[in-house]
Amino acid sequence: MKTIAKTGILLALAGSLLTSCYGGYYYVRTRPAEPYYIRPASPYYGAVWIDGEWEWNNGRYSYIGGHWERPRNGRVWVRGSWHPGSSGYAWHRGYWR
C-alpha cells in the first residue's frame, strides 16, 4: 500500500514538474508593432533600462512598458525578442545574463 501511495505522489510531482517546465510560447502569425514611447530620464546614475516586454493575456499579446532597474553585479540585460517558428512568431522574454 505504501508503494502505491509513493508511486502516486511521484507521478503527481513529475506531472506538475513537466507542465511547469513547458515553454509556454504563444504563436501569432504577424508580430505586433512595438508602440512608440519616450524613455524617461534615468532616476539615478548607473540605472539600467529594461525594454518593454510582450505578455500573453486573454488570447493576445499586450505590451508592458519598459522601466529602470538597479544593475546586477557582473550581469547584463539581454533584451527580449520575437522568434519565428513553424506556427508564426513567439515572444521570448528578456533576461539577465
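Student: Why is Asp-51 called buried?

Tutor: The relative accessible area of Asp-51 is 18%. A residue counts as buried under 20%, as exposed over 50%, and as partly exposed in between (1.4 Å probe, protein chains only). Since 18% is under 20%, Asp-51 is buried. Please note that this is a predicted model, in which local features need pLDDT of at least 70 and side-chain atom pairs count only at pLDDT 80 or more, while totals for chains, interfaces and linings use all residues. Residues are numbered from 1 along each chain as its sequence is written, and side-chain values use heavy atoms, with hydrogens and water left out.

Student: What makes the pair of Asp-51 and Arg-79 a salt bridge?

Tutor: The term requires a side-chain nitrogen of Lys or Arg within 4 Å of a carboxyl oxygen of Asp or Glu. For Asp-51 and Arg-79, the N to O distance is 3.2 Å. This value is within 4 Å, and therefore the pair qualifies. Strands here are DSSP runs (E, at least two residues), as helices are (H or I, at least four), both numbered from the N terminus.

Student: Which salt bridge does Arg-79 form with Glu-34, and how do you know that it links distant parts of the chain?

Tutor: The side chains of Arg-79 and Glu-34 meet at 3.2 Å, N to O. The two residues are 45 positions apart: Glu-34 is in the loop between strand 1 (27-28) and strand 2 (48-50), and Arg-79 is in the loop between strand 6 (77-78) and strand 7 (81-85). Arg-79, at 46% relative accessibility, counts as partly exposed, and Glu-34, at 44%, is also partly exposed.

Student: How do you know that Arg-72 and Glu-69 form a salt bridge?

Tutor: Their closest N and O atoms are 3.8 Å apart, which meets the rule already stated. Arg-72 is partly exposed at 39% relative accessibility, and Glu-69 is partly exposed at 22%. By this rule, the count comes to three salt bridges.

Student: What makes Glu-34, Asp-51 and Arg-79 one network?

Tutor: Salt bridges that share partners join these residues. Arg-79 pairs with Glu-34 and also with Asp-51.

Student: Why is Asn-58 called exposed?

Tutor: Its relative accessible area is 74%, and since this is over 50%, Asn-58 is exposed. Asn-58 is found in the loop between strand 3 and strand 4 (60-64). Asn-58 also has a positive phi of about 55°, although it is not a glycine.

Student: Is Ala-33 buried or exposed, and where is it found?

Tutor: Ala-33 has 66% relative accessibility and therefore counts as exposed. It is found in the loop between strand 1 and strand 2. Its C-alpha atom is separated by 9.5 Å from that of Tyr-63, 30 residues apart along the chain.

Student: What elements does the chain contain, and how much of it counts as buried?

Tutor: The chain has one helix and nine strands, with the helix at the start of the order α-β-β-β-β-β-β-β-β-β from the N terminus. Of its 97 residues, 20% count as buried.
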